[in-house]
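I opened this notebook page to record what I looked up in the structure, starting with its pockets and going on to one helix and the aromatic rings.

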Amino acid sequence: MTQHPRISKAVIPAAGLGTRFLPATKATPKEMLPVVDKPAIQYVVEEAVAAGLDDVLMVTGRNKRPLEDHFDRNYELESALQKKGDAGRLAKVQESSDLATMHYVRQGDPKGLGHAVLCAAPHVGDEPFAVLLGDDLIDPRDPLLQRMVEVQEQRGGSVIALMEVAPEQIHLYGCAAVETTEDSDVVQVSGLVEKPDPADAPSHYAVIGRYVLDPHIFDILRRTEPGRGGEIQLTDALQQLAETYTSAATAAEKIGGPVHGVVFKGRRYDTGDRGDYLRAIVRLACEREDLGPDFRTWLRSYVAEEM
């Protein structure tokens with residue numbers, strides 16, 4: 001099997017307004033809301049780094065300066081912690097600034113995820129790259145992105161993350177039409193539909209917020225007209241890539257390569273919805289060695305008393 005170029009760059013779109021979390025996000029980016037004791041965005045950067053992607057471009061917007069500050073050094077705070085001899089907290093503060101080589105670009109107009117990805121083109125160039133959405137936190141014990149990178153390097157083209165959902169939930173996601181491959185966790189994608197009616201969904205496989213993309217996606221995004229919600233949808237561009245590959249008569253016409261999906265069955269925490277955000281915090285806190293035992297005891301007591 002052909003070995004394709006090694007991926008080293010990750011793109012994290014972070015320009016959204018976070019309106020579902022108002023008023024908390026009036027002056028604080030939603031990506032900076034804490035999940036236990038770290039902002040959600042740090043989990044995402046840590047995931048990229050764990051997959052070997054230490055060159056991270058964040059696509060931001062107005063009022064997102066705290067994101068840059070979080071991944072920068074804070075010499076005054078570090079000095080204060082050093083003087084107090086608080087080595088533990090000092091290490092936690094320095095951890096975020098030492099994670100990766102961070103870059104930033106602004107998405108001037110909120111034209112959708114496809115447009116946000118297109119903003120990364122000058123930085124990415126002609127290399128395959130990963131896209132990680134901050135609303136989906138993937139448990140580090142279930143290395144989804146590593147597997148996606150591996151599939152892309154083996155098969156080329158683009159790779160999307162898929163998760164099977166209940167039929168009544170599929171209208172909340174992009175949905176993939178798929179064909180099986182010799183790998184049980186890998187499917188070939190022949191089509192994509194953005195938030196279909198359950199009766200029209202081609203499968204129960206929902207697209208979740210991880211992508212490994214061939215750079216040809218940029219050419220398609222430049223020609224993609226606004227779709228659902230008046231935005232440039234990444235799903236529409238991926239649909240065109242998949243359709244072009246499956247319908248092409250010759251190898252030369254298969255521009256951009258195939259689109260594959262990795263079917264994820266691990267632990268995923270959705271922080272884009274208020275209820276799921278709270279559930280994510282509870283689940284992660286329960287699993288922490290330093291917090292879990294006492295927190296689980298309190299939680300059992302609380303549930304018993306309230307119920």
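How many nonpolar, polar and charged residues does the lining of the largest pocket have, by class? I noted 17 nonpolar, 13 polar and 14 charged residues in that lining, bearing in mind that this is a predicted model.

**Entry 1, the largest pocket.** I looked up the volume of the largest pocket and found about 1,500 Å³. Its lining is made up of 44 residues, and the closest to the centre are Arg 20, Lys 30, Leu 133, Asp 135 and Lys 195. The elements that give two or more residues to this lining are α5 (113-118), β11 (205-213), α9 (234-247) and β13 (268-270), and I marked β11 as the one that gives the most, with four residues.

At least two lining residues each come from α1 (40-50), β7 (136-138), α7 and α10 (274-287), and the largest share, five residues, comes from α1. While looking at Tyr 43, I also noted that the charged end of Lys 38 sits over the ring of Tyr 43, 4.5 Å from its centre.

After α7 comes Gly 156, whose phi is positive, near 75 degrees.

**Entry 4, aromatic pairs.** I counted four aromatic pairs. Phe 21 and Tyr 277 are edge-to-face, 5.4 Å centre to centre with 80 degrees between the planes; Phe 21 lies in the loop between β1 (9-13) and β2 (34-35) and Tyr 277 in helix α10, 256 residues apart, and both are buried. The rings of Phe 129 and Phe 218 have centres 5.1 Å apart and planes at 5 degrees, so I recorded this pair as stacked. Phe 129 belongs to strand β6 and Phe 218 to helix α8, so the pair ties together parts 89 residues apart in sequence. I found Phe 129 buried at 0% relative accessible area and Phe 218 buried at 3%. Lastly, I noted that ring pairs link Phe 295, Trp 298 and Tyr 302 into a cluster.

Terms used: Residues numbered from 1 in each chain as written. Predicted model: local features only at pLDDT ≥ 70, side-chain atom pairs only at ≥ 80, totals over all residues. Heavy atoms only, no water. 1 Å grid on protein atoms, 1.4 Å probe; cavity = no way out; pocket = protein on both sides within 12 Å on 5 of 7 lines; lining within 4 Å. Points joined across faces, edges and corners; volume = space filled by probe spheres on them. Nonpolar A, V, L, I, M, F, W, Y, C, P; charged D, E, K, R; others polar. Phe/Tyr/Trp six-rings, centres within 6.5 Å; stacked < 30°, edge-to-face > 60°. Buried < 20%, exposed > 50% of the residue type's maximum accessible area, 1.4 Å probe, protein only. Lys NZ or Arg CZ within 6 Å of the ring centre and 35° of its normal.
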